[in-house]
Every structure is written in structure tokens, then in C-alpha cells.
Amino acid sequence: MSGGVEWALHCCVVLTSIEEPVPATKLAELHDVSASYLAKQLQALSRAGLVRSVQGKAGGYVLTREPASITVLDVVEAVDGPGQAFTCTEIRQRGPLATPAESCTAPCPIARAMAGADAAWREALRAVSITDLVQDVVSASGPPAMARIGAWLTTPEA
């Protein structure tokens, strides 16, 4: 999983703290990450319909849906794509003891194990929403945490 997923998830969480659009530069400053790097993650979220860009002087990014309806898997797939984490290359059909292709009618045990793990991983990520993450932030950092973030995000830049 790419590092962009982490930044995208953090952005989704902090966007719940206010109702107005947040400029990408402000989000980048909050997370101490390159604005151009974060812009790529925000564009991926936008292409997936999870955030939208608001143009103009008071422009920036806002969530497009209720945070409870956006899952961690939605964000992962927006940033890294929906593809499987493991790709079987049929190693069993290579080398001096290669199994003939016609004998490989079912996925090998390794491919089956990895597919099962991928399915479990996706199900676990599908079960966690942005709202769940916000609640975890509040539990871990205290109730004022999200209010402090919202206040900082709405402070005009000097």
C-alpha cells in the first residue's frame, strides 16, 4: 500500500472537522507533506468521487458524502486502485520441474492463500468508515482534537 493512502485518509478525517472547503496547501501544511504530493492524492480522491474541488478564493476540498458512508477501502482503492495485492505469475509452470499448463486447472495453494488474505483485508477495510476513524481520533487525542484541527484549518493564512 502506498504512503499516499495514509495522507488521503488523514485528509478525509480532517475534512470532517469543518463545513467549508480547505485548500490543498493548507492540508499539506497541516500534515507537513509536499503540496504537489498531496495534490495527487486529493485528485485521486476527487476522481473516485470522495471529495470535490471547490473553485475560487474560498475554494478547496470538501467531502462529497457523509463520512459514515466513506470506507477506508474506498480511500485505498481511490489512491492505489482496486487491483489485488498479490498477482500470481504461475511459478509452478517454470523451471526444470515445471507443471504443464494443462495440469494447472485450479489456482495453486499460494495463490488461494493470498486471495483469501486479500479478501479478508478488503473486508476489514470495508468495515471501517471515516466516521469510525474520527471517533478513534477523539478517543485517542481527546474531544478537543477535532475542534483544534477545524480551528487551525479555518485560520486565514498570513
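Isoleucine 110 lies in helix α5, which spans residues 109-126; helices here are DSSP runs of H or I with at least four residues, strands are runs of E with at least two, and both are numbered from the N terminus. The model is predicted, so that local features need pLDDT of at least 70 and side-chain atom pairs count only at pLDDT 80 or more, whereas totals for chains, interfaces and linings use all residues. Residues are numbered from 1 along each chain as its sequence is written, and side-chain values use heavy atoms, with hydrogens and water left out.

With a relative accessible area of 56%, isoleucine 110 is exposed; residues count as buried under 20%, as exposed over 50% and as partly exposed in between, with a 1.4 Å probe and protein chains only. Phe86, Ile110 and Met114 form a nonpolar patch on the surface, and their accessible area together is about 270 Å². Such patches are made of residues with over 30% relative accessible area and no salt bridge, nonpolar side chains (Val, Leu, Ile, Met, Phe, Trp, Tyr) being joined within 5 Å and like charges within 9 Å. The areas come from the Shrake-Rupley method with a 1.4 Å probe, and for residues only the protein chains shown count as cover.

Side chains of opposite charge can pair when their charged atoms come close. Under the rule that a side-chain nitrogen of Lys or Arg lies within 4 Å of a carboxyl oxygen of Asp or Glu, the count comes to 5 salt bridges. Glu77 is linked with Asp118 and Arg122 in a network of salt bridges.

A salt bridge of 3.1 Å, N to O, joins the side chains of aspartate 74 and arginine 65. Aspartate 74 is partly exposed at a relative accessible area of 25%, and arginine 65 is likewise partly exposed, at 34%. The side chains of arginine 92 and glutamate 90 also meet in a salt bridge, at 2.6 Å, N to O. Arginine 92 counts as partly exposed at 26% relative accessibility, as does glutamate 90 at 23%.

Glutamate 90 is placed in the loop between α4 (72-80) and α5, and its phi is positive, near 55°, in a residue other than glycine. Aspartate 32 has a positive phi of about 55° although it is not a glycine. This aspartate 32 is found in the loop between α2 (24-31) and α3 (35-47) and is exposed, with a relative accessible area of 71%.

Strands β1 (residues 51-54) and β2 (residues 60-63) pair in the antiparallel sense over 4 bridges, pairing being assigned if DSSP finds at least two bridges between two strands. Valine 51 has leucine 63 in β2 as its bridge partner. The two strands form a hairpin with 5 residues between them, and glycine 56 in the turn has a positive phi of about 110°.

Strand β2 also gives the most to the lining of the largest pocket, with 3 residues. Residues lining this pocket include Leu15, Glu19, Tyr61, Val62, Leu63 and Arg65.

Note on methods
On a 1 Å grid over the protein atoms alone, a cavity is a set of points where a 1.4 Å probe fits but cannot get out, and a pocket is an open set with protein on both sides within 12 Å along at least five of seven lines; lining residues have an atom within 4 Å of a point.
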